[in-house]
Amino acid sequence: MAYISTEPASQRARNITWLPLRAKLRDGRVVRLVRVEAASDDSIVAAMHALMNYELVVRGDSYPFPPEPLTRAQFLAYYCAFDTFALVLERPGDAAATAPGGYDFGRELVGCFYVKPNYPYRSAHVCNAGFMVVPSLQRGLGAGELMARAFVVLAEELGYRHSMFNLVYDTNAGSIRLWDKLGFRRVSTIPGGGRLKATPGEGPSGRDEKTHLVDAHQYLGDLRRMAPAQREYFALPARRVAAKL
């Protein structure tokens with residue numbers, strides 16, 4: 001996570017000509033990576049909002065926020081204030097639409113992520129991202145990896161020099177494997193830095209939920225070094241959007 005931005009959404013993503021990006025999940029389903037416009041993509045934003053609240057209230061093992069749902073305004077301020085992208089099915093209806101607790105993810109959303117400065121002003125060239133994948137599509141289909149690879153290219157083209165992940169909890173084995181695979185460096189570990197829900201996914205809970213402490217890792221990526229390999233992975237042209245932060 002990064003600080004909650006009060007700046008207007010970036011215009012630079014509109015200059016990225018290779019979006020939408022078409023790819024396949026490992027089971028053969030075709031997906032597209034698209035830029036999300038919070039003001040117009042109502043159904044996608046609603047599904048993302050539901051997914052965020054599911055992560056906070058039901059799972060409780062990814063984000064440091066309290067186990068309480070965000071209002072739409074709070075969600076937009078945190079997740080959609082800068083550049084936001086979604087991975088969607090080309091043939092809507094192939095995904096499970098709901099999860100325990102009645103959270104409605106629609107019939108199109110596979111996953112999503114934001115890209116925004118990790119720090120303000122003089123260090124705003126260091127970005128952060130937050131990823132989510134619809135629960136029924138989290139295991140073995142490669143959705144998270146597709147988004148992570150695309151993120152490296154997008155962030156570099158948006159003008160960022162580095163990417164910093166502030167809190168990767170030790171229980172998030174999938175993310176740890178992925179960041180290691182893509183060439184991010186673990187630069188720090190905070191012992192007991194996460195107080196997570198003891199039994200993720202068991203259902204909604206309040207502030208009196210049972211928790212346990214886990215280590216929290218910080219990962220740093222040099223985007224200019226990493227982006228060429230990911231452009232090659234997607235067969236993208238060696239092109240950059242000229243942008244300054």
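# Questions on a predicted model

Colleague: Not counting residues up to four places away in sequence, which residues does Leu19 touch?
Modeller: The model is predicted, so local features need pLDDT of at least 70 and side-chain atom pairs count only at pLDDT 80 or more, while totals for chains, interfaces and linings use all residues. Residues are numbered from 1 along each chain as its sequence is written, and side-chain values use heavy atoms, with hydrogens and water left out. Contact, or touching, means heavy atoms within 4.5 Å. On that rule, the residues touched by Leu19 are Leu33, Arg35, Phe85 and Leu154.

Colleague: Is Leu19 buried or exposed?
Modeller: Leu19 sits in the segment before S1. Residues are sorted by relative accessible area (under 20% is buried, over 50% exposed, in between partly exposed, with a 1.4 Å probe and protein chains only). Leu19 has a relative accessible area of 16%, so this residue is buried.

Colleague: How far apart in space are Leu19 and Arg35, C-alpha to C-alpha?
Modeller: Arg35 is one of the residues that Leu19 touches. In sequence the two are 16 residues apart, yet their C-alpha distance is 7.3 Å.

Colleague: Is the peptide bond from Leu19 to Pro20 cis or trans?
Modeller: Pro20, like Leu19, is found in the segment before S1. Omega for the bond from Leu19 to Pro20 is near 0 degrees, and the bond is cis.

Colleague: How many helices and strands are in the protein chain?
Modeller: Both are DSSP runs numbered from the N terminus: helices are H or I with at least four residues, and strands are E with at least two. Counted this way, the protein chain has five helices and ten strands.

Colleague: Is Tyr121 buried or exposed?
Modeller: Tyr121 lies in the loop between strand S6 (109–117) and S7. Although Tyr121 is not a glycine, it has a positive phi of about 45 degrees. Its relative accessibility is 69%, so Tyr121 counts as exposed.

Colleague: What is the relative accessibility of Ala235?
Modeller: Ala235 is in the segment after helix H5 (223–234). Ala235 has a positive phi of about 55 degrees, although it is not a glycine. Ala235 counts as exposed because its relative accessibility is 67%.

Colleague: How much of the protein chain counts as buried?
Modeller: The accessible surface of the protein chain comes to about 11,400 Å² (Shrake-Rupley method, 1.4 Å probe; for residues, only the protein chains shown count as cover). Carbon and sulfur atoms hold 51% of that surface. Of the 245 residues, the share that counts as buried is 51%.

Colleague: Which residues have the most contacts inside the largest nonpolar core?
Modeller: A nonpolar core is a set of buried Ala, Val, Leu, Ile, Met, Phe, Trp, Tyr and Cys residues joined through side-chain atoms within 4.5 Å. The largest has 74 residues, and those with the most contacts inside it are Tyr79 and Phe151.

Colleague: What is the volume of the largest cavity?
Modeller: On a 1 Å grid over the protein atoms alone, a cavity is a set of points where a 1.4 Å probe fits but cannot get out; a pocket is an open set with protein on both sides within 12 Å along at least five of seven lines, and lining residues have an atom within 4 Å of a point. Points are joined across faces, edges and corners, and volume is the space filled by probe spheres set on them. One cavity of 30 Å³ or more is counted. The largest cavity has a volume of about 40 Å³.

Colleague: Which element gives the largest share of the lining of the largest cavity?
Modeller: The lining residues include Leu21, Ala23, Leu146, Met147 and Ala150. Strand S1 (21–24) and H3 each supply at least two residues. The largest share, three residues, comes from H3.

Colleague: Which residues are closest to the centre of the largest pocket?
Modeller: The largest pocket holds about 1,100 Å³ of space. Of its 39 lining residues, the closest to the centre are Val133, Asn172, Gly174, Ser175 and Leu178.

Colleague: Is Gly174 exposed, partly exposed or buried?
Modeller: Gly174 is in helix H4, which gives the largest share of the pocket lining, seven residues. At 38% relative accessibility, Gly174 counts as partly exposed.
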